[in-house]
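Please keep the structure in view while reading.

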Amino acid sequence: MTAWIVAALCGVVCLMLTVRLLADRARRKQQGLFGPWPIRRIRLHELDPVFTPGRFGPTIETEVTFIGRGPMLVPGGTSDAEAWILAVLAKRAERLFEFGTCTGKTAYLWSRNAPSNASINTITLAPSQQHEYVKEPNDTDEDTKFALRESAFDEFLYSGTPHADRVQQLYGDSKQFDEAPFLNRADLVFVDGSHAQSYVESDSAKAMRIVKPGGLVLWHDYAGPGHAPGVFAALNALAKRVPLRHVDGTTFVMWRRPI
């Protein structure tokens, strides 16, 4: 009897290790345990031809003014590759809009790399407004906690710099935000606010109205159901209605509004 118990325990341990190894492998491959995530992947140059590599890799056309994060952990931060992509895209964008300011790094990179006549708008909850946040039944407690943690800033990376006047900082709950003055205007919209499903759904609908025909919407943190489940669920549902694409090697999902 003891031998059977030991064998059974060994079997359970082996199964758990196998599942964990498969899950780690799937995460590295940016897919689910038993197959690809629902949103089809594209290569970076399919996002924008400027990223088409040359003989030596990225071309001089993708050179930007940049601050990396290296091994540092920062609140709500994009990876260095993702931040570089956002900075490159800003070089040809005259109107830019961001849901989720957090530390203000994206807004700062945009202000440094966008054309001199560009306008940059970014919205966040101020620390004093956190009581306005509305958690819906389909939102997880974890997503809500992270959203409030990333709404703890009233000064940002761009604050006090010579480029601060290029950024219009908006405050308020994005569900209550009236996007009417910005309709059909933005060349680039970045959705990286609350990752709770109800907020991703609301921000996405507004982003797709703010972007102009031919303009680009990018979402952050499409990294599987274990990372930001609200983002994963909301974007998978949205992808059934519009042609979203997951940018390979990043947690970006993109949609370009038809002309």
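In this predicted model, strand 5, which spans residues 186-191, is mostly covered: 6 of its 6 residues are buried.

Strand 5 pairs with strand 2 (residues 95-99) in the parallel sense, over 4 bridges. Within this pairing, Leu188 of strand 5 is the bridge partner of Leu96. Strand 5 also pairs with strand 6 (residues 211-219), again in the parallel sense, and here there are 5 bridges. Val189 stands opposite Val217 in strand 6. Between strand 5 and strand 6 the chain passes through helix 6 (residues 197-210), and this β-α-β crossover is right-handed. As a general point, side chains in a regular strand alternate between the two faces of the sheet.

The protein as a whole has 7 helices and 8 strands. Of its 259 residues, 46% are buried. Contacts between residues at least 6 apart in sequence can be sorted by separation: 74% of them join residues at least 24 apart.

**Cavities**

How many cavities of 30 Å³ or more does the count give? The count comes to 2. The table sets out their volumes and the kinds of residue in their linings.

| Cavity | Volume | Lining residues by kind |
|---|---|---|
| Largest cavity | about 200 Å³ | 7 nonpolar, 8 polar and 4 charged |
| Second largest cavity | about 40 Å³ | 4 nonpolar, 4 polar and 1 charged |

The largest cavity has a volume of about 200 Å³. It is lined by 19 residues, of which Gly100, Leu125, Ser151, Gly193 and Ser194 are the closest to its centre. Helix 6 and strand 3 (119-124) each supply at least two residues of this lining.

The lining of the second largest cavity consists of Val191, Asp192, Gly193, Ser194, His195, Val200, Trp219, His220 and Val231.

**A residue in a loop**

Val134 lies in the loop between strand 3 and helix 5 (141-149). Is Val134 buried, partly exposed or exposed? Val134 has a relative accessible area of 33%, so it counts as partly exposed, because that class lies between the cut-offs of 20% for buried and 50% for exposed.

Which residues touch Val134, once its neighbours within four places in sequence are left aside? Val134 is in contact with Asp139, Asp173, Lys175, Ser198 and Tyr199. Asp173 is 39 residues from Val134 along the chain, and the C-alpha atoms of the two are separated by 8.5 Å.

Definitions and conventions. Residues numbered from 1 in each chain as written. Predicted model: local features only at pLDDT ≥ 70, side-chain atom pairs only at ≥ 80, totals over all residues. Heavy atoms only, no water. Buried < 20%, exposed > 50% of the residue type's maximum accessible area, 1.4 Å probe, protein only. Pairing = 2+ DSSP bridges. Right-handed = clockwise from strand over helix to strand, strands pointing away. 1 Å grid on protein atoms, 1.4 Å probe; cavity = no way out; pocket = protein on both sides within 12 Å on 5 of 7 lines; lining within 4 Å. Points joined across faces, edges and corners; volume = space filled by probe spheres on them. Nonpolar A, V, L, I, M, F, W, Y, C, P; charged D, E, K, R; others polar. Contact = heavy atoms within 4.5 Å.
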